[in-house]
Amino acid sequence: MQKTSYLLLVLLLGVAVLGAYQATLEGPAASLFIRFLGLTGFMLLCVSLLIGPLTMLWPKQFALLIEPRRAVGLATFAFIMLHALLATALYFKWNVVMML
């Protein structure tokens, strides 16, 4: 199996663990979903930023991860934008001036 397949499996496992963790918490479903999106975006950001140094330190082992790094970055952007939009809609009622 290629390293990119392992990367996908690890990322899916991480998202599943975060989802299971959020399912055990009590509170309003909307705020738990916003927290899930934020935590998932942060996890994906950490993974996408970690791929570069890993390929510089051990190029033979991690060279295959350079190509899917862009896809991980785009997924990170999607999760963080959803988090920001939903948080703005729920907590600030689309009033961006209140945030500043």
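Q: Where is the place of alanine 29?
A: Alanine 29 is in helix α2. Helices are DSSP runs of H or I with at least four residues, strands are E runs of at least two, and both are numbered from the N terminus.

Q: Before we go on, what kind of model is this?
A: This is a predicted model: local features need pLDDT of at least 70, side-chain atom pairs count only at pLDDT 80 or more, and totals for chains, interfaces and linings use all residues. Residues are numbered from 1 along each chain as its sequence is written, and side-chain values use heavy atoms, with hydrogens and water left out.

Q: Back to alanine 29. Is it buried or exposed?
A: Alanine 29 is exposed, at 61% relative accessible area. Buried means under 20%, exposed over 50%, and partly exposed in between (1.4 Å probe, protein chains only).

Q: How far apart in space are alanine 29 and glycine 19?
A: They are 12 Å apart, C-alpha to C-alpha, and 10 residues apart in sequence.

Q: Now the inside. Which residues make up the largest nonpolar core?
A: Seven residues: Leu7, Leu11, Leu44, Val47, Ile51, Leu65 and Val72. A nonpolar core is a set of buried Ala, Val, Leu, Ile, Met, Phe, Trp, Tyr and Cys residues joined through side-chain atoms within 4.5 Å.

Q: Which helices each supply at least two residues of this core?
A: α1 (3–24) and α2 (29–57) do. α2 gives the most, with three residues.

Q: What is isoleucine 51 in contact with?
A: Leaving aside neighbours within four places in sequence, isoleucine 51 contacts Leu7, Leu65, Ile66 and Arg69. Contact means heavy atoms within 4.5 Å.

Q: And serine 48, buried or exposed?
A: Serine 48 is buried, with a relative accessible area of 11%. Serine 48 is in helix α2.

Q: What about methionine 43, what does it touch?
A: Methionine 43 touches Leu11, Gly14, Val15 and Leu18, not counting residues up to four places away in sequence. Methionine 43 is in helix α2. Its C-alpha is 26 Å from that of tryptophan 94, 51 residues apart along the chain.

Q: New topic: the surface. Which residues form a nonpolar patch there?
A: Phe42, Leu45, Leu49 and Ile80, with about 380 Å² of accessible area together. Patch residues have over 30% relative accessible area and no salt bridge; like charges are joined within 9 Å, and nonpolar side chains (Val, Leu, Ile, Met, Phe, Trp, Tyr) within 5 Å. A salt bridge is a side-chain nitrogen of Lys or Arg within 4 Å of a carboxyl oxygen of Asp or Glu. Accessible areas come from the Shrake-Rupley method with a 1.4 Å probe; for residues, only the protein chains shown count as cover.

Q: Which helix gives the most to the patch?
A: α2, with three residues.

Q: How many aromatic pairs are there?
A: Two, in a search of the whole structure. Tryptophan 58 and phenylalanine 62 form a tilted one, 6.3 Å centre to centre with 55° between the planes. Rings of Phe, Tyr and Trp (its six-membered ring) pair if their centres lie within 6.5 Å; planes under 30 degrees apart count as stacked, over 60 as edge-to-face and the rest as tilted.
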